[in-house]
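Student: I have a new structure open and would like to walk through it with you. Could we take it piece by piece?
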Amino acid sequence: MQIEHISTTPFSALKQLHNSADQNKLISSLYSMAVDEAPKLVAEGRIRTSKEKLTMYSLYKQVEEGDYDDEVGSGMQREKAFAWKQQKGKFSIQCKKEYILLIARKSSTLRKTLDSVLAGTIQELNYKSKSNVATSTGGALAKSVPKPKDVHVEENKKFVAGLNKRELGLKDLYEEIRMNKDSERLITMVKEGEISP
């Protein structure tokens with residue numbers, strides 16, 4: 001799935017109002033606010049489409065960890081990795097701006113603060129994150145999006161290469177069920193004979 005590309009043109013107003021160091025401080029504070037707002041927006045269903053979630057995730061990961069450089073998994077992990085890879089080469093400041101604008105669309109609190117900063121009515125903002133979301137991998141989607149740490153990449157490649165089409169399908173299905181923690185789906189599929197234990 002393609003992620004959303006967000007124009008950061010609104011931030012051009014900052015160049016006229018502040019020097020580079022002050023711009024970076026304001027953007028970092030706004031980014032911290034956005035990171036704190038994101039879990040609430042996801043929980044309330046205001047950020048609900050896969051495209052929005054993957055865009056939010058990929059921007060967050062690019063800011064916090066830089067370019068994605070691991071192997072792409074399968075299932076939902078593959079979608080997340082692909083989204084993150086689409087941010088490759090973007091600077092942290094660019095991703096922060098895009099993340100802020102994405103969250104501001106859904107958060108009136110952040111939108112008002114952002115508008116005041118861009119209009120110049122707020123000259124200084126020293127917001128510090130109130131949650132541990134900013135220090136976790138994945139941001140608002142932390143529970144479902146750890147960065148893959150596979151020390152057996154080559155072994156896994158060989159194993160997967162040896163699977164037939166049916167086995168690959170089952171592997172992808174199992175990973176999707178595991179990632180979504182959907183044990184009921186697995187039980188139903190076994191009961192209905194779609195797969196055998």
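This is a predicted model: local features need pLDDT of at least 70, side-chain atom pairs count only at pLDDT 80 or more; totals for chains, interfaces and linings use all residues.

Student: Where does Ile122 sit, and which residues is Ile122 in contact with?
Tutor: Ile122 lies in the loop between H6 and H7, and, when its neighbours within four places in sequence are left aside, Ile122 is in contact with His18, Thr113, Ser116 and Val117. The C-alpha atoms of Ile122 and Leu26 are 9.4 Å apart in space, although 96 residues separate the two in sequence.

Student: What about Glu124, buried or exposed?
Tutor: Glu124 is found in the loop between H6 and helix H7 (153-161), and Glu124 counts as exposed because its relative accessible area is 61%, which is over the 50% cut-off.

Student: Stepping back, how many helices and strands does the protein have?
Tutor: The secondary structure comes to 9 helices and 0 strands, so read along the sequence the pattern is α-α-α-α-α-α-α-α-α. Of the 197 residues of the protein, 38% count as buried, and among contacts between residues at least 6 apart in sequence, 73% join residues at least 24 apart.

Student: Which residues have the most contacts inside the largest nonpolar core?
Tutor: That core has 30 residues, and those with the most contacts inside it are Phe11, Leu30, Tyr99, Ile100, Ile103, Leu110 and Leu114. The elements that give two or more residues to this core are H2, H3, helix H5 (92-104) and helix H6 (108-119), and H2 gives the most, with 9 residues.

Student: And what does Phe11 touch?
Tutor: Leaving aside its neighbours within four places in sequence, Phe11 is in contact with Ile27, Leu30, Lys97, Ile100, Leu101, Leu114 and Leu118.

Student: Back to H2 for a moment: at what angle do H2 and H3 cross?
Tutor: The axes of helix H2 (residues 20-43) and helix H3 (residues 50-65) cross at roughly 145° and come within 12 Å of each other, and the crossing is left-handed.

Student: Which residues meet there?
Tutor: From H2 there are Tyr31, Val35, Ala38 and Val42, and these meet Met56, Tyr60, Val63 and Glu64 of H3. By class, the contact of H2 with H3 has 7 nonpolar, no polar and 1 charged residues.

Student: Changing topic, why does Ser107 count as buried?
Tutor: Ser107 counts as buried because its relative accessibility is 1%, and the cut-off for buried is under 20%. The place of Ser107 is in the loop between H5 and H6, where, with neighbours within four places in sequence left aside, Ser107 is in contact with Glu37, Leu41 and Arg46.

Student: Is Gln77 buried or exposed?
Tutor: Gln77 is in helix H4 (residues 75-85), and Gln77 counts as buried because its relative accessibility is 13%. The C-alpha atoms of Gln77 and Met179 are separated by 7.7 Å, while the two residues are 102 residues apart along the chain.

Student: Met179 is new to me, so which residues of H8 are buried?
Tutor: Met179 is one of the buried residues of H8, together with Lys171, Leu173, Glu175 and Ile177.

Student: How far apart are the end C-alpha atoms of H8, and what span should its residues give?
Tutor: The end C-alpha atoms of helix H8 (residues 165-180) are 23 Å apart, which agrees with the 22 Å that its 16 residues should span at 1.5 Å a residue. Just after H8, Lys181 takes a positive phi of about 50°.

Technical notes:
Residues are numbered from 1 along each chain as its sequence is written. Side-chain values use heavy atoms; hydrogens and water are left out. Axes are lines fitted to C-alpha atoms, for helices over the stretch in contact, and angles run from 0 to 180 degrees between N-to-C directions. Helices (H or I, at least four residues) and strands (E, at least two) are DSSP runs, numbered from the N terminus. A crossing is left-handed if the near helix is turned anticlockwise from the far one by less than a right angle, and right-handed if clockwise. Contact means heavy atoms within 4.5 Å. Ala, Val, Leu, Ile, Met, Phe, Trp, Tyr, Cys and Pro count as nonpolar, Asp, Glu, Lys and Arg as charged, and the others, Gly among them, as polar. The expected span of a helix is 1.5 Å times one less than its number of residues. Buried means under 20% relative accessible area, exposed over 50%, partly exposed in between (1.4 Å probe, protein chains only). A nonpolar core is a set of buried Ala, Val, Leu, Ile, Met, Phe, Trp, Tyr and Cys residues joined through side-chain atoms within 4.5 Å.
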